[in-house]
Amino acid sequence: MEELILNQVMKKFGDNVVVKNISLSIKKGELVSLLGPSGCGKSTTLRLISGFLEPDEGELKINDSVVTHTPPNKRDTALVFQNYALFPHMTVADNVAYGLKMRKVLKSEIKTRVSEALKMVHLDQFEDRYPGQLSGGQQQRVALARAIIVNPRVLLLDEPLSNLDAKLRDEMRNEILSLQKRLDLTCIFVTHDQEEALVLSDKIVVMDEGNIRQIGTPSEIFDSPKSYFTADFVGVRNIYGGKVEEGYFVTDQGLKVNVSSAEEGIKHIGIRPNMVVLNPSEVSEYSNQFKVKINQVIYKGTIIELDTTFENGESMVVEIPSEKHDINRLNSGDEVTLCWRADKVIPLFE
Amino acid sequence: MSWNRKRSRFEIGMLIAPTTILITIMFLLPLIYFLRVSFNQNILGGFMESAWTIENYIGFFRDPYFLKILWNTIYISITATTLTFVMAFPIAYILARMTSRWKGVLIALVVFPLLVGNIVRDIGWIAFFSQNGLVNRILTQIGLTDSPVQFLETPPAVIIAIANVVLPYMILSIQAVIERINPALEEAAIDLGASRWQVIRTVVMPIAMPGILAGTLFVFILSMNAYTTPLVIGGTKVQMMAPALYAQITEVSNWPMGSAMAIILIIITLLSSILYLRVIERTTSSNKNTTTTEVKG
Amino acid sequence: MKRQSKWLTLLKWIPIFLIFGFIILPVFMVLWISFFSTSLITFPPKGYSFKWFLELLHHQEFLSSFFLSLKVSFFAMIISLVLGLLGSFALIRFNFKGKKILELLFLSPLIVPTIITGIGIYIFLFNVERLIGIDMVPNLWALVTAHVIICIPWTVRLISAGLQSINPSLEEAAIDLGSTRIQAFVKIVLPNLRPSIIAAGILSFIHSFNNLEISLMLVRPGELTLPIEILNYVFWKVDPLIATVSTIQIILIGILMWIANKFISIGKVF
């Protein structure tokens, strides 16, 4: 059941087309993230879905009814703002009750529902506090409760974890996940952090410059990015341009790489730094073996990062586990052999 | 800055001395003189006799003539302030939330009449409201009345003219507070189902209240103290405190009464200020952070 | 917006237009009348003419009162700027006992009716006159002093606001590099304060120029400030001539405002 449909939506500000032509459909109960760098149009898309912006072209449907021109206060969406936007002059309870008051729900019902909502976010003791007295994490939970209590068809979150420190981030992530599963909420959130997207989403929508680059599950996006942009964005640090020749992918500067299926249309190949092995004992396992010179050795705790250069001048970043290699034996200027398997080479068609 | 303390005190003294001396001698002292004179005995036809009598104050509050003036002043001030608020709030809200390049132009348009001077504007009102003025001409033209209606020298005319003078002050002070309110708060309210009017009533106004109150207080004081406008527009039929007390001093030569009126006026405005400031304090409780433009944590 | 009918949107804007109209109505009337051709103001006017502007040249009194106002307000502006600068510096950069009271003192002329302030100054000088025998009132400098007193709240407020936004570390850095306090003030603070000073100057000038009440007891026949000159005329009659005087004043203020706006956004002043 498609809860939310965007059909060829375009939005421009003056001459600047911010959202070019996006079509998207989201099922009930899905947790979808819009992932991309600043300026890619993800926040604009969120505002289009919530109703604060109207598209110049295209159509939006929620639960099969067209909402393209419905104002935000009549749309069945609820937005959790990046800076929470809690009403400072109202108590936590009043904040959470606001949406219900606007829907003219009976006072007695409001009271019970507010208590329930606050209990769900573990803030039942804070009913009479004011937002100014709460920590960031607590404020966000109030914002969540305030949005969830109105039973929106689509819950929207704007960069929910960006403002939090690492520990809070984990807590909130779990909180959002459990709430979403429990209430079977259809959720869309916007983030520029790929890790956030990977952990939270059922589906990721990668966006760039107003276009959707790729839609897929976290593993699809992470393991099989389809374009240069997506690969680069999800951390494939070694990307080489070139073309397929005689069953190999030959890079622009002449490296012949073994790939698992040498199709004609491959424009780039990508290799993750942690997929590369250093001086292995069983070299024959790897169909790609190259001699490189180490430029820099960077110790990063659990991994060692090597910045290397091939004979033809191209470079590669390698991440090797530090318990398998002695850092004292690795020096800049050393010549080593790098190996990787053909099936770990990611073909990129754009 | 951490400096030698003695040196600092000397420096501070030098910086504030001229202004402090000036204001104390030529402003505060005269006010005390007024206070003293208000207890003097007036001599008909003469200057006054040094005394300690409260007959001026009693005379003021016993005389229906003076009470009417005081009542006029308060009633006109309250009405003008209320009228001004009703007009100012929508403009202030729109200006505050405006982002186009016309914003500066509109603000200038609001401020400009203020800087033009009261007497100049009163000329405009006379031409507008007089028996041969624009309003009467239009009214007779469209047949609403046969003979010219008397607008000048009526309370409504004075109220309108005063409201016109103070309107820019109110608009700008309300605009300033609304601008400090994070627009995301209004969006959050709309997202939760509020209409624009509900947003203003439940979110914007409560948060802007201290600024609104400060603005209305300032406007009320300006109105209470008005001289030129009530003089020119109100004439002899609608009298307010400031012109009346001036007349007591310069025309009737009753310095004690004029001084008593001055003191009464000052006390009323002082009391209103204190009352207002208390109310403002109460609407800004310490546990509410009302300028949520920052994120905590 | 497509969702609301165009009529509804238009309806919402009508009150706004009306209110803006109300704001500029009196000024508009004055400007309009100054071009009426007949001495008696009628609606609709019998014709339009520039003649009243030329007629003004025959009315020496307006010219001389204009110059008197100009002189008084100019001096008042300069003096209140200096005092305001010194006072603001003390209030913003230092902490001392009674600072709040001092601040209140400097702003107090705003609360007391200007007419009372004017009378008060007259009384003070009158009594000094009786004591020391020298003529104190009416006198140009008495007038200037009175205007300074009503300008001080404006200069203090505006310059304080400007000073607050200047980082004190700048002065400290200058002193650390070897300059004296005064040098730091002149070379670092003043240049950064220029917009506030200019705005404070222009606005206090305008405030003084327009103020009628403060001058009432401190002028003498033949030596009136422009607002008082206009007021006296208005008691007699309201005709295009006096509207013309006002129009010229309006244009002048408009120009000054435009200049001030280059240095500081007018809205922030109030």
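# A guided tour of the predicted model

Select Glu153(B), which is found in the loop between helix H6 (134-141) and helix H7 (155-179) of chain B. Glu153(B) has a positive phi of about 60° although it is not a glycine. Most residues other than glycine have a negative phi. With a relative accessibility of 23%, Glu153(B) counts as partly exposed, because the buried class ends under 20%.

Next, select Lys103(B) and Glu179(B), whose side chains meet in a salt bridge with an N to O distance of 2.6 Å. Lys103(B) belongs to helix H4 (residues 102-115) of chain B and Glu179(B) to helix H7 of chain B; the pair links distant parts of the chain, 76 residues apart. Are the two partners buried or partly exposed? Lys103(B) counts as buried at 18% relative accessibility, whereas Glu179(B) is partly exposed, with a relative accessible area of 34%.

**A helix crossing in chain B**

Now display helix H2 (residues 55-62) and helix H12 (residues 255-283) of chain B, whose axes come within 9 Å and cross at roughly 75°. That angle makes H2(B) roughly perpendicular to H12(B). To view the contact, select Asn56(B), Tyr57(B), Gly59(B), Phe60(B) and Phe61(B) on H2(B), together with Pro256(B), Met257(B), Ala260(B), Met261(B), Ile263(B) and Ile264(B) on H12(B). Colouring these residues of the H2(B) and H12(B) contact by class gives nine nonpolar, two polar and no charged.

**From chain B to chain C**

Show chain C beside chain B. The contact between them takes 73 residues from chain B and 76 residues from chain C. Together the two chains bury about 7,100 Å², 85% of it on carbon and sulfur atoms. How many salt bridges are counted between chain B and chain C? The count is zero.

Within chain C, select Phe43(C) and Pro44(C): the peptide bond from Phe43(C) to Pro44(C) is cis, with omega near -10°. Most peptide bonds are trans. Pro44(C) is placed in the loop between helix H1 (6-33) and helix H2 (51-55) of chain C.

**From chain B to chain A**

One salt bridge is found across the interface of chain A and chain B. To see a salt bridge between these chains, select Arg47(A) and Glu187(B), whose closest N and O atoms are 2.4 Å apart.

**Chain A as a whole**

Along the principal axes, the C-alpha atoms of chain A fill a box of roughly 75 × 45 × 35 Å. Of its 350 residues, 53% count as buried. Among contacts in chain A between residues at least 6 apart in sequence, 65% join residues at least 24 apart.

**Two positions in chain A**

Select Asp184(A), in the loop between helix H5 (166-183) and strand S8 (186-191) of chain A. Asp184(A) has a positive phi of about 50° although it is not a glycine, and Asp184(A) is partly exposed, with a relative accessible area of 41%.

Move on to Val199(A), in helix H6 (residues 194-200) of chain A. Val199(A) counts as partly exposed at 38% relative accessibility. Leaving aside residues up to four places away in sequence, Val199(A) touches Arg173(A) and Leu177(A). A distance line drawn from the C-alpha atom of Val199(A) to that of Thr302(A), 103 residues apart along the chain, spans 21 Å.

**Salt bridges in chain A**

The structure holds 23 salt bridges over all chains. For one of them, select Arg237(A) and Glu319(A), whose side chains meet at 3.8 Å, N to O. Arg237(A) lies in the loop between helix H8 (228-233) and strand S11 (238-245), and Glu319(A) lies in strand S18 (residues 315-321), so the pair ties together parts of chain A that are 82 residues apart in sequence. Arg237(A) counts as partly exposed, at 43% relative accessibility.

Finally, select Glu305(A) and Lys300(A), which form a salt bridge with closest N and O atoms 2.6 Å apart. Glu305(A) is buried, with a relative accessible area of 7%, while Lys300(A) counts as partly exposed at 44%.

Technical notes: Residues are numbered from 1 along each chain as its sequence is written. Chains are lettered from A and ligands numbered from 1 in the order in which they are written. This is a predicted model: local features need pLDDT of at least 70, side-chain atom pairs count only at pLDDT 80 or more; totals for chains, interfaces and linings use all residues. Side-chain values use heavy atoms; hydrogens and water are left out. Helices (H or I, at least four residues) and strands (E, at least two) are DSSP runs, numbered from the N terminus. Buried means under 20% relative accessible area, exposed over 50%, partly exposed in between (1.4 Å probe, protein chains only). Contact means heavy atoms within 4.5 Å. Axes are lines fitted to C-alpha atoms, for helices over the stretch in contact, and angles run from 0 to 180 degrees between N-to-C directions. Angles under 35 degrees count as roughly parallel, over 145 as roughly antiparallel, 65 to 115 as roughly perpendicular and the rest as oblique. Ala, Val, Leu, Ile, Met, Phe, Trp, Tyr, Cys and Pro count as nonpolar, Asp, Glu, Lys and Arg as charged, and the others, Gly among them, as polar. Buried area is the accessible area (1.4 Å probe) that two parts lose on being put together, summed over both. A salt bridge is a side-chain nitrogen of Lys or Arg within 4 Å of a carboxyl oxygen of Asp or Glu.
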